[in-house]
Amino acid sequence: MAFKTTSMTHNSDDGRRELTVKEFKRWLMKFDTDKDGRISRKELRQVVRATGGWFSGWKGNAGIKSADKNGNGFVDGCEIENLVQFAQKELGVRIIPY
């Protein structure tokens, strides 16, 4: 799945994709291939690849490490908001407040 500009994404002046937190969560959960409501390292690597990012293994591990506060190796529903900073830094996404 490519990360394309759709009705729920907007490009900012600097070319970054803009999403609300709700849109980001909805988009991210499209990569939950096993439908367990969590994002694994493997699934996060797919997110990085879908955005055209390089070093998907490294970035996927870094994203899990930064967001997984309970240390279970997954980003659970309540931890998804922890991926916002990662997405802004590594995926070229700008999270907008509305």
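The model you are looking at is predicted, so local features need pLDDT of at least 70 and side-chain atom pairs count only at pLDDT 80 or more, while totals for chains, interfaces and linings use all residues. Residues are numbered from 1 along each chain as its sequence is written, and side-chain values use heavy atoms, leaving out hydrogens and water.

Let's begin with the inside. Of the 98 residues in the protein, 42% are buried; buried means under 20% relative accessible area, exposed means over 50%, and partly exposed lies in between (1.4 Å probe, protein chains only). In soluble globular proteins, nonpolar side chains tend to be buried together. Here, the largest nonpolar core has 21 residues. Such a core is a set of buried Ala, Val, Leu, Ile, Met, Phe, Trp, Tyr and Cys residues joined through side-chain atoms within 4.5 Å. The residues with the most contacts inside this core are F24, L28, L44, V47, V75, L83 and L91. At least two core residues come from each of α1 (21–28), α2, α3, α4 (83–90) and β3 (93–96).

Take L91 as an example. Apart from its neighbours within four places in sequence, L91 is in contact (heavy atoms within 4.5 Å) with R17, V47, V48, T51 and F86. Across the protein, 50% of the contacts with a separation of 6 or more join residues 24 or more positions apart. K22 and I95 also show how the chain folds back: they are 73 residues apart along the chain, and their C-alpha atoms are separated by 9.5 Å. K22 belongs to helix α1 and is exposed, with a relative accessible area of 62%.

Now see how the helices pack. The axes of α2 (residues 41–50) and α3 (residues 56–67) come within 8 Å and cross at roughly 120 degrees. Axes are lines fitted to C-alpha atoms, for helices over the stretch in contact, and angles run from 0 to 180 degrees between N-to-C directions. This makes α2 oblique to α3; angles under 35 degrees count as roughly parallel, over 145 as roughly antiparallel, 65 to 115 as roughly perpendicular and the rest as oblique. On the α2 side, R41, L44, R45, V48 and R49 meet S56, G57, K59, G60, N61, G63 and I64 of α3. By class, that contact has 3 nonpolar, 5 polar and 4 charged residues. Ala, Val, Leu, Ile, Met, Phe, Trp, Tyr, Cys and Pro count as nonpolar, Asp, Glu, Lys and Arg as charged, and the others, Gly among them, as polar.

Helices α3 and α4 pack at an angle of about 150 degrees, with axes 9 Å apart, which means that α3 is roughly antiparallel to α4. K59, G63, S66 and A67 of α3 touch L83, F86 and E90 of α4.

Finally, visit two loops. Most residues other than glycine have a negative phi. K35, in the loop between α1 and α2, has a positive phi of about 55 degrees although it is not a glycine. F55, in the loop between α2 and α3, also has a positive phi, near 60 degrees. K35 is exposed at 64% relative accessible area, and F55 counts as exposed at 59%.

Methods:
Helices (H or I, at least four residues) and strands (E, at least two) are DSSP runs, numbered from the N terminus.
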